[in-house]
Amino acid sequence: ILRRCHNCGLQFQKVEGCNKMTCNCGATSCYLCRAQDVDYGHFCQHARDPGNPCVTCRRCYLWENPEDLDRVNLQQAQEAAEIDPSAPNPV
């Protein structure tokens with residue numbers, strides 16, 4: 001999934017590494033929630049078991065796979081809208 005720098009407009013995609021993105025122009029952002037001008041304080045600092053959510057805060061995870069988060073968000077949106085994913089789209 002492509003993202004765009006909020007400062008210079010450069011498009012980028014995370015291939016590996018953490019979710020704190022630093023553009024060539026120096027602007028920073030969170031790859032997960034797209035928050036602008038973040039530092040490491042934007043991310044959860046609590047110890048937790050791998051794969052389990054933090055029970056103390058709701059901050060973004062520095063090392064979370066964005067594709068996993070996209071799948072969870074899509075599933076939650078479908079459940080909230082009570083959409084059958086196998087049903088054809090209405091025209």
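Let me start with the rings. Searching the whole structure turns up 1 aromatic pair. This is a predicted model, by the way.

Which two rings are they? They belong to Phe-12 and Tyr-31. Two values describe any such pair: the distance of the centres and the angle of the planes. Here the ring centres are 6.3 Å apart and the planes are at 50°. A stacked pair would need planes under 30 degrees apart, and edge-to-face would need over 60. So Phe-12 and Tyr-31 count as tilted.

Where do the partners sit? Phe-12 is in strand 2, residues 11-12. Tyr-31 is in the loop between strand 4 (28-30) and helix 1 (66-81). The pair therefore ties together parts that are 19 residues apart in sequence.

Buried or exposed? Phe-12 is buried. Tyr-31 is buried too.

Stay with Tyr-31 for a moment. Arg-3 lies over the face of its ring, 4.0 Å from the centre. There is a second case of a charge over a ring. The charged end of Lys-20 sits over Tyr-40, at 4.9 Å from the ring centre.

Next, the cores. How many residues make up the largest nonpolar core? It has 7. They are Cys-18, Cys-30, Leu-32, Val-38, Phe-43, Cys-60 and Leu-62. Look at Cys-60 in that group. Leave aside its neighbours within four places in sequence, and Cys-60 is in contact with Cys-30, Leu-32, Cys-33, His-42, Phe-43 and Cys-44.

Now zoom out to the chain. Its secondary structure comes to 1 helix and 4 strands. From the N terminus on, the order is β-β-β-β-α.

Why call the chain spread out? Its radius of gyration is 16 Å. For 91 residues the globule rule gives 12 Å, and the chain is well over that. It is therefore more spread out than a compact globule. Along the principal axes, the C-alpha trace spans about 45 × 35 × 20 Å.

Some totals to finish. Of the 91 residues, 26% count as buried. The chain exposes about 7000 Å². Carbon and sulfur atoms supply 49% of that area.

Notes. Residues numbered from 1 in each chain as written. Predicted model: local features only at pLDDT ≥ 70, side-chain atom pairs only at ≥ 80, totals over all residues. Heavy atoms only, no water. Phe/Tyr/Trp six-rings, centres within 6.5 Å; stacked < 30°, edge-to-face > 60°. Helix = DSSP H or I, 4+ residues; strand = E, 2+ residues; numbered from the N terminus. Buried < 20%, exposed > 50% of the residue type's maximum accessible area, 1.4 Å probe, protein only. Lys NZ or Arg CZ within 6 Å of the ring centre and 35° of its normal. Core = buried A, V, L, I, M, F, W, Y, C linked by side-chain atoms within 4.5 Å. Contact = heavy atoms within 4.5 Å. Rg over C-alpha atoms; globule rule 2.2 N^0.38 Å. Areas by Shrake-Rupley, 256 points an atom, 1.4 Å probe, with all protein chains shown as cover.
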